[in-house]
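Student: I have a structure open and would like to understand the labels used for it. Could we go through a few of them together?

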Amino acid sequence: SAASDVYKRQVIIPARGGSKGVPGKNIRPLNGKPLIHYTVEAARSLFNDSDICVSTDSDEIKKVVEQIGLKVPFIRPKELSQDSSGSHEVILHALDFYEKKGFEPEAVILLQPTSPLRTAKHIDEAVKLFGPSLDMVVSVKESSSNPYYNLFEEDSSGFLKKSKKGSFVRRQDCPPVWEYNGAIYVINVNSIKKNRLHKLSNIKKYVMDDISSIDIDTELDFKLAEFIMTNKYYL
């Protein structure tokens, strides 16, 4: 496999059946292919099938994944598939499943199916940045909003004040600000067992461009991704 083999990894692709914004989005066809297939294919070009776990609560998603030959090892319990269920519980549930089988990975690579333009190359590069001294490597994009420039908070009198004090005249002079794009998380297993994702501290960024970072959350995102794919904007 192309991804460096210095530590044991488990790929987890979390795919819930219910979705408020775009019903059935994980298996909805995007440019002629179910959305989740893009992520499965990117993972498969780097890892063995036995290292890839689609964690889902849906028989329908299981069926769509198994259409391309990747076995789905379990159906996730309903209590881990609520709107309120976080990635943390889903990761721990999958880790527990593999530990009972005698496999104890040192890192989890979480790939959300809502990032269809994230490629195997992106995953490989992010994985190579990870090391045991880190809690996490996470994919980001540069944010177009900046707390020194165009992000504001209300003060006690209800007036808008810049979120961060600074005397920058142009946005490009401000320190860059990064936002998680949801595409790739390479997580230290020891760290995730002790803390939730938002409490991890030793985090390194893996930068992706805006187009590769598209995260499908709404109908508009779906249409945008389809437009980019059909017009080959990202080549």
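Tutor: Gladly! Two strands count as paired if DSSP finds at least two bridges between them. Do keep in mind that this is a predicted model.

Student: What makes β6 and β9 a pair?

Tutor: Six bridges join β6 to β9 (residues 178-188), and the cut-off is at least two, so the two strands pair. They run antiparallel.

Student: Why is β6 described as mostly covered?

Tutor: Strand β6 spans residues 136-142, and five of its seven residues are buried. Buried means under 20% relative accessible area.

Student: Why is Lys141 called partly exposed?

Tutor: Lys141 is found in strand β6, and its relative accessibility is 23%. Buried would need under 20% and exposed over 50%, so Lys141 counts as partly exposed.

Student: What makes the patch of Glu142, Glu179, Asp209 and Asp210 negative?

Tutor: Asp and Glu count as negative, so the surface patch formed by Glu142, Glu179, Asp209 and Asp210 is a negative one. Members of a patch have over 30% relative accessible area and no salt bridge, with like charges joined within 9 Å. To place one of them, Asp210 lies in the loop between β10 (203-207) and α6 (219-230).

Definitions and conventions. Residues numbered from 1 in each chain as written. Predicted model: local features only at pLDDT ≥ 70, side-chain atom pairs only at ≥ 80, totals over all residues. Heavy atoms only, no water. Patch = residues over 30% accessible without salt bridge, like charges linked within 9 Å, V, L, I, M, F, W, Y side chains within 5 Å. Areas by Shrake-Rupley, 256 points an atom, 1.4 Å probe, with all protein chains shown as cover. Salt bridge = Lys/Arg side-chain N within 4 Å of Asp/Glu carboxyl O. Charge placed at Lys NZ, Arg CZ, Asp CG, Glu CD. Helix = DSSP H or I, 4+ residues; strand = E, 2+ residues; numbered from the N terminus. Buried < 20%, exposed > 50% of the residue type's maximum accessible area, 1.4 Å probe, protein only.
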